[in-house]
Amino acid sequence: MKALFPMMLGVTLLLLLTEIAAGRHRGIYRREDWLVIGLPALLNPLVSAPLAGFMVGSVAAFLFPGHAGALADIPLLPAYLGILLLAEFCFYWVHRLSHQGMKKGSRLRWLWKTHRTHHAGKYMNVLVTLRINPLWHFLVPTVWVTGFAVYLGQGTAALLVGVTIYGWNLITHSHFRWDDAVRANPVAGPVFRLLEHIIVSPGVHHTHHGYGRDGATYRNFAVTFAFLDYLFGTLHIPDGRPAHYGLPGSEPHWSEEVFHPLINLDRRTATEAAEPG
C-alpha cells in the first residue's frame with residue numbers, strides 16, 4: 001500500500017508532462033494563476049489535509065467512543081464499494097449545494113466561494129485538481145466518509161477509495177479528450193453515451209467546468225458515478241468541449257481564492273448568479 005503514493009505522484013507528473021509536451025499549457029496562465037495553483041498545492045497537503053484528518057478522527061472518536069475498529073471484519077470488496085458509494089453520494093449533494101450558492105442572495109454563498117477556487121480558472125487540465133481552497137478539505141464529504149471508515153477499521157478500503165477518486169479526477173480533469181472520438185463513432189458512440197449515464201467521462205466533467213455551448217456549471221455534480229446526476233436530473237452529456245472554461249466575467253482576486261473566508265472581498269463575477277432555476 002505504501003507504493004500507492006509514489007505511484008499516484010508519478011502518474012500525475014507523467015500526465016502533466018504529457019500535457020505540457022503537447023502544448024496544452026502554452027499561454028493560458030496569468031501570474032495570479034500560479035498563486036492560486038501553487039499556494040494550495042503547498043497548503044493543502046502540509047496543513048489542511050493533516051488538520052482535517054485530525055478533526056475527523058477526533059469527531060469519530062467523540063461520536064463512537066470505544067468503537068474503533070468495529071467494522072474491521074467486513075471483507076475488503078464490500079467495504080470498498082460501500083465507502084465509495086457513500087462518499088460519492090454525499091459529495092454529490094454537498095457539491096450541488098455549493099453551486100446553489102452562485103445564486104444572488106443565497107445563504108450558501110460562503111460555500112460557493114470556498115468551492116469557486118476550483119472553477120474560476122479559464123482552462124482545464126491536471127493542474128485544476130490543485131486549485132482547491134484550503135477550507136474545502138474540512139467540508140468535502142470524501143474526507144469525512146473515509147476518515148470515519150479508517151476509525152471504524154476499514155483503513156485499506158478507505159485508502160483504495162481515495163486512490164480511486166483521485167485517479168478518476170486526473171482522468172476527467174485532463175485536457176485530453178479521448179472520449180470525443182469515441183462518442184462521435186457511429187458504432188461505439190451510442191454504447192458510450194449509455195455508459196456516460198453510469199460513469200463520469202472527461203466530457204461530462206469538462207461540461208461542469210464550462211459555460212456557453214455544452215458548458216453547464218449547474219449540471220454534472222458527481223465525481224465518478226454519473227448515475228447520481230441521472231437519478232437526480234442534473235446529467236448533461238455533451239457533444240464536444242464547452243465553448244469556454246471557467247466562469248463568465250473577471251476572475252476573483254487570487255487572495256480571496258486561496259484564503260477565503262479569511263479574505264472576503266465579495267468581488268462577484270459578471271454572471272455568478274446566472275444559474276437557471
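Let me start with a definition: on a 1 Å grid over the protein atoms alone, a pocket is an open set of points with protein on both sides within 12 Å along at least five of seven lines, a cavity is a set of points where a 1.4 Å probe fits but cannot get out, and lining residues have an atom within 4 Å of a point. Grid points are joined across faces, edges and corners, and a volume is the space filled by probe spheres set on the points.

Before the tour, some housekeeping. What you see above is a predicted model, where local features need pLDDT of at least 70 and side-chain atom pairs count only at pLDDT 80 or more, while totals for chains, interfaces and linings use all residues. Residues are numbered from 1 along each chain as its sequence is written, and side-chain values use heavy atoms, with hydrogens and water left out.

How much space lies in the second largest pocket? About 190 Å³. Its lining is made up of L71, I74, P78, A79, G82, I83, L86, V145, F148, A149, L152 and Q154. By class, the lining splits into 10 nonpolar, two polar and no charged residues. For those classes, Ala, Val, Leu, Ile, Met, Phe, Trp, Tyr, Cys and Pro count as nonpolar, Asp, Glu, Lys and Arg as charged, and the others, Gly among them, as polar.

Now for the largest pocket, which holds about 1600 Å³ of space. It is lined by 49 residues, and A49, H137, V143, G162 and Y166 lie nearest its centre. Which helices supply at least two residues each to this lining? They are α1 (4–21), α2 (31–63), α3 (76–100), α4 (109–116), α5 (136–139), α6 (141–151), α7 (155–173) and α10 (202–208). The class count here is 26 nonpolar, 22 polar and one charged.

There is also one cavity of 30 Å³ or more. The volume of the largest cavity is about 30 Å³, and H118, H119, G121, Y123, V128, R131, H209 and G246 line it. Those residues divide into two nonpolar, five polar and one charged.

Let's look at two helix pairs. The axes (lines fitted to C-alpha atoms, for helices over the stretch in contact, with angles from 0 to 180 degrees between N-to-C directions) of α1 and α7 come within 11 Å and cross at roughly 5°. The two helices are therefore roughly parallel to each other; the cut-offs are under 35 degrees for roughly parallel, over 145 for roughly antiparallel, 65 to 115 for roughly perpendicular, and oblique for the rest. Their contact (heavy atoms within 4.5 Å) brings together L4, F5, M8, V11, T12 and L15 of α1 with L159, L160, V163, Y166 and L170 of α7. That contact has 10 nonpolar, one polar and no charged residues.

From α3, V94, H95, L97, S98 and H99 meet L111, W112 and H115 of α4. Here the classes come to four nonpolar, four polar and no charged.

Let's stay with α4. Is it enclosed or open? Seven of its eight residues are buried, so α4 is largely enclosed by the rest of the structure. Buried means under 20% relative accessible area, exposed over 50%, and partly exposed in between (1.4 Å probe, protein chains only). The buried ones are R109, L111, W112, K113, T114, H115 and R116, and they pack against α3, α5 and α12 (254–259).

Last, some backbone details. In the segment after α12 sits P261, and the peptide bond from H260 to P261 is cis, with omega near 10°. In the loop between β1 (210–211) and α11 (227–231) you will find D214, which has a positive phi of about 60° although it is not a glycine. D214 counts as buried, at 14% relative accessibility. The loop between β1 and α11 also holds N220, a residue other than glycine with phi near 60°. At 1% relative accessibility, N220 counts as buried.

Technical notes:
Helices (H or I, at least four residues) and strands (E, at least two) are DSSP runs, numbered from the N terminus.
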